[in-house]
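Hi everyone, thanks for coming.

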Amino acid sequence: MLDSVEANNFEALPLLSLNHVSLLCRSVWDSVRFYEDALGFVSIKRPSSFKFNGAWLYNYGIGIHLIENPSIDDFDTIVEPRPINPKDNHISFQCTDVGLVMRRLQDMGMKYVTAVVEDQGNRVDQVFFHDPDGYMVELCNCENIPIIPLSSCSFKQRLSSFYKSAPAKCGFMENAMMESLSVEMLNISF
């Protein structure tokens with residue numbers, strides 16, 4: 001059973017990063033305009049072999065693939081505007097100036113909700129809003145909270161002493177994540 005096997009027993013996959021998010025939309029035109037105007041994405045060429053209406057957008061190292069489905073209302077609950085709820089499904093984008101984001105949304109007449117996350121003296125500002133099809137979008141300065149794997153060695157050792165069990169070994173994933181985090185921190189500090 002997978003639950004009983006620790007993640008460090010598996011070799012990491014050769015994944016590099018998130019490539020794209022694919023979204024169904026009622027109108028490709030409306031969604032393209034939104035992602036370009038509100039978020040600064042740029043339309044890019046998509047393969048000509050596709051036999052359905054859609055669009056590809058790209059910026060910030062991320063792609064958004066839009067697939068038009070005018071009958072989305074027939075089988076999706078997005079048709080009724082839901083309240084903007086930070087605990088709902090959403091896509092999140094890192095940003096450096098949350099205030100600028102809020103001013104742009106105000107200029108566009110868009111409704112949004114803000115939230116703040118605080119942890120050990122670190123503060124993350126968040127802005128949540130909907131795209132034309134009701135998908136939740138978040139913009140935040142999430143880099144303010146460091147990424148610390150729960151399975152890091154020191155954390156496991158503290159837990160093992162707490163539970164009086166044998167000390168845990170660091171696995172491949174923990175070492176890879178900590179090494180990557182260390183390199184990122186060194187790059188930032190110079």
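Let me begin with a question: where does Gln120 lie? Gln120 sits in the loop between β6 (113-119) and β7, where helices (H or I, at least four residues) and strands (E, at least two) are DSSP runs, numbered from the N terminus. Gln120 is not a glycine, yet its phi is positive, about 50°. Most residues other than glycine have a negative phi. Gln120 is also exposed, with a relative accessible area of 76%; here buried means under 20% relative accessible area, exposed over 50%, and partly exposed in between, with a 1.4 Å probe and protein chains only.

Tyr60 is another residue of this kind, with a positive phi near 60°. Tyr60 belongs to the loop between β3 and β4 (62-68), and at 53% relative accessibility Tyr60 counts as exposed.

Before going further, a word on what we are looking at. This is a predicted model, so local features need pLDDT of at least 70 and side-chain atom pairs count only at pLDDT 80 or more, while totals for chains, interfaces and linings use all residues. Residues are numbered from 1 along each chain as its sequence is written, and side-chain values use heavy atoms, with hydrogens and water left out.

How confident is the predictor? pLDDT is its confidence in each residue, from 0 to 100. The protein chain averages 79, and 69% of the residues score at least 70. Over residues 158-169, pLDDT stays under 50, and for that stretch the model has eight contacts beyond four places in sequence, a contact being heavy atoms within 4.5 Å. Where pLDDT is low, the predicted coordinates should not be read in detail.

Now the overall layout. The protein chain has four helices and eight strands, and from the N terminus on they run β-α-β-β-β-β-α-β-β-β-α-α. Of its 190 residues, 29% count as buried. Among contacts between residues at least 6 apart in sequence, 53% join residues at least 24 apart.

Next, the salt bridges, meaning a side-chain nitrogen of Lys or Arg within 4 Å of a carboxyl oxygen of Asp or Glu. By this rule the count comes to three. One of them joins Asp133 and Arg26, with the closest N and O atoms 3.0 Å apart. That pair links distant parts of the chain, 107 residues apart: Asp133 is in the loop between β7 (122-130) and β8, and Arg26 is in the loop between β1 (20-25) and α1 (28-37). What is the exposure of the two partners, buried or partly exposed? Asp133 is buried at 3% relative accessibility, whereas Arg26 is partly exposed at 25%.

Asp30 and Arg33 form another salt bridge, at 3.8 Å from N to O. Both lie in helix α1, three residues apart, about one turn of the helix. Asp30 is partly exposed at 34% relative accessibility, and Arg33 is partly exposed at 37%.

Asp125 and Arg123 also meet in a salt bridge, at 2.9 Å from N to O. Asp125 is partly exposed at 21% relative accessibility, and Arg123 is partly exposed at 42%.

Those two residues bring us to Asn141. It is found in the loop between β8 (136-140) and α3 (153-163). Asn141 counts as buried because its relative accessible area is 11%. Which residues does Asn141 contact, leaving aside neighbours within four places in sequence? They are Gln94, Cys95, Val98, Arg123, Val124 and Asp125. A polar atom of the Asn141 side chain lies 2.6 Å from the backbone nitrogen of Asp125.

Terms used:
pLDDT = per-residue confidence, 0-100. Polar contact = N/O pair within 3.5 Å; in protein donor to acceptor, adjacent residues only side chain to side chain.
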